[in-house]
Amino acid sequence: MIDTVSRGIKKMFNEQWRCHFPMPDYEIDALNKEVGVKIYGNSINEKYTKLLKENDSLTLEDCILLDAVQKGHRISENNVFSLLERGLLEGDVTDYRISIDVAKRTRQLPEYTRNKGLDKAKIQQMIIQYLQNAGSSGAKCDAIFEYLKEVLPQNKTQEQQERMIGNILSEMKEIGLIHPEGRTWLGS
């Protein structure tokens, strides 16, 4: 119904862009040869919509890509590079988010901060404090993770977060800030 004479999909994206609504989401089921589409009749985030209205330099493609990132969808490596170069995203090709500038202009700093998580130095300080509080009984990795999970990047899976904590613990061990005794971590 939407795709009439192979112009319907582009027309839908243009219409949503013109109205400053979120871009349509398409789900393609190759097995059943079905396509599902979700069309938004209003904005998801008013501040994001305002940014799109005010920024004339954004193309339809830019809006589609930023819309996908805002919704938590993955975009291609080439598109990530392009948006990173222009300061619309930050991070790297495998781990990106809207830039702090976009977050400020759209008043999304709480979400931005939750997705980014605390800096490694602050996480290290929290680990040191936790191990000082634990004293001679120390703490196992899973207890440290449980303590830190609220300040870790929320856009990472639990496995990625656990790996991140493991890497930080190893780095702290290498520089002598903490040491393991069996499976228990102690402050130095």
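Partly exposed describes a residue whose relative accessible area lies between the buried limit, under 20%, and the exposed limit, over 50%. The views below show a predicted model.

View 1. Tyr 130 sits in helix H7, which covers residues 120–134. Its relative accessibility is 24%, so Tyr 130 counts as partly exposed. Leaving aside residues up to four places away in sequence, Tyr 130 touches Ala 139, Ala 143, Ile 144 and Tyr 147. Leu 148 is 18 residues from Tyr 130 along the chain, and their C-alpha atoms are separated by 9.7 Å.

**View 2. An open sheet of three strands.** The strand order is E5-E7-E6, and the pairing is antiparallel. Strand E5 (139–140) and strand E6 (178–181) stand at the edges. Each has a single partner strand, so one side of each is left without a neighbour in the sheet. Strands of a sheet pair through backbone hydrogen bonds. Four bridges join E6 to strand E7, residues 184–187, in the antiparallel sense. In one of these pairs, Ile 178 has Gly 187 of E7 as its bridge partner.

**View 3. Two helices lying across the strands.** Helix H7 lies across E5, E6 and E7. H7 runs at about 95 degrees to E7. Helix H9, residues 158–174, lies across E6 and E7. The angle of H9 to E6 is about 105 degrees.

**View 4. The contact of H7 with H9.** The two helices pack at an angle of about 75 degrees, and their axes are 11 Å apart. H7 and H9 are therefore roughly perpendicular to each other. From H7, the contact takes Lys 120, Ile 123, Gln 124, Ile 127 and Ile 128. H9 supplies Met 164, Ile 165, Ile 168, Leu 169, Glu 171 and Met 172. Of the residues in this contact, eight are nonpolar, one is polar and two are charged.

**View 5. The largest nonpolar core, and a second one.** The largest nonpolar core holds 16 residues. Ile 75, Leu 83 and Leu 89 have the most contacts inside it. Two or more residues each come from helix H3 (60–70), helix H4 (77–85), strand E4 (96–98) and helix H5 (100–105). H3 gives the largest share, five residues. Leu 83 touches Asp 62, Leu 65, Leu 66, Ile 75, Leu 88 and Leu 89, not counting residues up to four places away in sequence. A second, separate core has 14 residues, including Ile 123, Leu 148, Leu 169 and Ile 178.

Technical notes
Residues numbered from 1 in each chain as written. Predicted model: local features only at pLDDT ≥ 70, side-chain atom pairs only at ≥ 80, totals over all residues. Heavy atoms only, no water. Buried < 20%, exposed > 50% of the residue type's maximum accessible area, 1.4 Å probe, protein only. Contact = heavy atoms within 4.5 Å. Pairing = 2+ DSSP bridges. Axes fitted to C-alpha atoms, helices over the stretch in contact; angles between N-to-C directions. Core = buried A, V, L, I, M, F, W, Y, C linked by side-chain atoms within 4.5 Å. Parallel < 35°, antiparallel > 145°, perpendicular 65-115°, else oblique. Nonpolar A, V, L, I, M, F, W, Y, C, P; charged D, E, K, R; others polar.
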